Amino acid sequence: MSGDAGLIPRLPKGFRDITAREILLREKMIETLGKVYRSFGFAPLETPMVEYLDNLGKYLPESDTPEGGVFAFKDDSSSWVALRYDLTAPLARYVAEHEKDLVLPFRRYQIGPVFRLEKPGPGRFREFYQCDFDTVGAATAAADAEVCCVLAEALEALGLAGNFNVRVNNRKILNGMAQAAGLGDNAESLDRASLIVLRAIDKLDRIGLKGVIELLGKGRKDESGDFTPGAGLSAEQISLFEQYLSASCDSRASVCDTLEKLVEKSATGLEGIAELRQIDEILTGAGYLEDRVLFDPMIVRGLAYYTGPVFEAQLTFEIDGEDGRLKQFGSVAGGGRYDSLVERFLGRKVPSTGASVGIDRLLAALIALKQFDSETSQPPVLVTAMDPSLMKHYHKLTNDLRKAGIPTEIYLGSGGFRKQMKYADQKNLPVAVICGEDEFKNGTVSIKDLYLGRELSKEIEDRAEWAGNRPAQMTVPTNELVETVKKILRNTPS
RNA sequence: GCUGAGGUAGCUUAGCUGGCUAAAGCGCUUGACUGUGGAUCAAGAGAUCAAGGGUUCGAAUCCCUUCCUCAGUACCA
């Protein structure tokens, strides 16, 4: 808020700076996820952050201006380009463009930032990381089942075993319900009422059964007084959906049985059930039981391009929010089958399925679980610069430590020795190496264990004892520097 | 997008029925301590009270506009 030069430094809305600790944790996560993806045969791919707007499918039909939700601009030839808003649309472009060279089914994973021009919220930013994996050109339920396996393995590799479940539903069943209720009999495009119904079901966990039923009927007014118009269904139609909504997710088989009765009049719906049964069979055979993968009729997942099974991974624990309230993490990954995405380019369907892990929320969860806490990188040892004329020597000491694999920095700031110690303390460094005139003359260095010193200071009241007796400090011959520092670091909890 | 609540030193806040030089804690700088972090003590720096306009003799305080933040809600590939 100062801006003395008249220019106010500020970050664009919805973006954030990410600092060391989080970056290191994220890199570790990415490494883990990549390893799991590769173990299933997915190969990494990188596409650029920018694509032509029409390739992403985000343009307004009448004008050539972009639809909301994307960062778009014109390039030097006045073509509209946009920052990618997910990794699936670029994949479709890639597959269509290199169709002839690819061996199908094509498996790839991609990890990187995506951008959405939306209202940011807590934990929701306009730039965030996605870790996608997809299988392109595989139409069978085996490919869908595998997506569930990858998600389960990925979350377990991150140390979340027992703290998550993967939930599966099928868009064909949802569409079948709409048909059974006499809403839209068009399996491809949904009418207005069906849209509202699907959105309402998606909100079940947030607004409750009552809220959903209000949305199926006339509409719903929320706490803030805002009114959302409903689908305007008849009492009869609503009661059909009520049965759907009260379906629990016991065993996968029983979910299929329950839903089958509700959609028995819809061919699409029955198709969806059949697919789920196949997925169940494969998962069960492969040892992915209900403790890891559930069938959940309430999963809807956006409304865009999904054509079959849809997936969502949820964390099942809660943590204390800053305000003391319990906070749920909710969905950390999602995906589904999309058989029509490549069709825009090639004119024929290319059956594809996959999912995306949202790194940022997962990272927050892992931090909350203290999963990674002690594994951040080693903070550096500080070589202090007491006597400027010995700078050469300090660089030599620094180098010796660095060559021994110990991260080491040399003090480069201004100010006296006292300030240097304070610097080391404030940065929470573990060790300070001290070499003044005296040490240098004797061919020694002094090494201070700052961690131990911090502990000792709790007992010491007296300044003379603290400063004068040099607690937690030892002087050794210069050639013992590396060994001594190593020994101290071994005993320092990080 | 809609509804509501807010923006006062780096941070957390007080002041808000208009009235001395806008207050405190934490943090920061310096010294006591000329080669030693913490603790203690002392001194100091730091705020166009979010921005712009209006009412008034006088505005952090009242009114309008914009921006930003927070909560809920809508949309969301």
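Let's start at Val 50. Its relative accessible area is 34%, so Val 50 is partly exposed. Val 50 sits in strand β2. One thing before I go on: this is a predicted model.

Together with Met 49 and Phe 73, Val 50 makes a nonpolar surface patch. The patch covers about 240 Å².

Stay on strand β2, which runs over residues 50–52. What does Glu 51 pair with in a salt bridge? The partner is Arg 93. The closest N and O atoms of this pair are 2.6 Å apart.

Let me pick out two more.

Take Glu 22 and Arg 16. Their side chains meet in a salt bridge, at 3.3 Å from N to O. Glu 22 has 24% relative accessibility, so Glu 22 counts as partly exposed. Arg 16 has a relative accessible area of 23%, so Arg 16 is partly exposed.

Next, Glu 455 and Lys 458. This salt bridge spans 3.3 Å, N to O. Glu 455 is partly exposed, at 32% relative accessibility. Lys 458 is exposed, with a relative accessible area of 56%. Salt bridges can also share partners: Arg 16, Glu 22 and Asp 360 are joined that way into one network.

A quick stop in helix α6, residues 192–202. Ile 201 lies in this helix. At 1% relative accessibility, Ile 201 counts as buried. Compare its position with Phe 241. In sequence, Ile 201 and Phe 241 are 40 residues apart. In space, their C-alpha atoms are 9.2 Å apart.

Now to the RNA. How many residues surround RNA strand B? The number is 46. The closest are Lys 203, Tyr 305, Arg 418, Ile 460 and Trp 466.

What are those surroundings made of? By class, the surface near RNA strand B has 24 charged residues, 14 nonpolar and eight polar.

Take the atoms of RNA strand B within 4 Å of the protein. Of these, 43% belong to sugar or phosphate, and the rest belong to bases.

Here are some individual contacts. Start with a base. An N or O atom in the side chain of Lys 119 is 2.6 Å from a base oxygen of RNA strand B. Then the phosphates. Gln 426 places a polar side-chain atom 2.9 Å from a phosphate oxygen of RNA strand B. For Arg 463, a polar side-chain atom lies 3.1 Å from a phosphate oxygen of RNA strand B.

Which elements give two or more residues to the surface near RNA strand B? They are α14 (417–426), α15 (437–442), β19 (444–449), α16 (450–457) and α17 (463–468). Helix α14 gives the most, with six residues.

To recap. Val 50 is part of a nonpolar surface patch.

Terms used:
Residues are numbered from 1 along each chain as its sequence is written. Chains are lettered from A and ligands numbered from 1 in the order in which they are written. This is a predicted model: local features need pLDDT of at least 70, side-chain atom pairs count only at pLDDT 80 or more; totals for chains, interfaces and linings use all residues. Side-chain values use heavy atoms; hydrogens and water are left out. A residue is near a molecule or strand if one of its heavy atoms lies within 4 Å of it. A polar contact is a pair of N or O atoms within 3.5 Å; within protein, one must be able to donate a hydrogen and the other to accept it, and residues adjacent in sequence count only if both atoms are side-chain atoms. Helices (H or I, at least four residues) and strands (E, at least two) are DSSP runs, numbered from the N terminus. Ala, Val, Leu, Ile, Met, Phe, Trp, Tyr, Cys and Pro count as nonpolar, Asp, Glu, Lys and Arg as charged, and the others, Gly among them, as polar. A salt bridge is a side-chain nitrogen of Lys or Arg within 4 Å of a carboxyl oxygen of Asp or Glu. Buried means under 20% relative accessible area, exposed over 50%, partly exposed in between (1.4 Å probe, protein chains only). Patches are made of residues with over 30% relative accessible area and no salt bridge: like charges are joined within 9 Å, nonpolar side chains (Val, Leu, Ile, Met, Phe, Trp, Tyr) within 5 Å. Accessible areas come from the Shrake-Rupley method with a 1.4 Å probe; for residues, only the protein chains shown count as cover.
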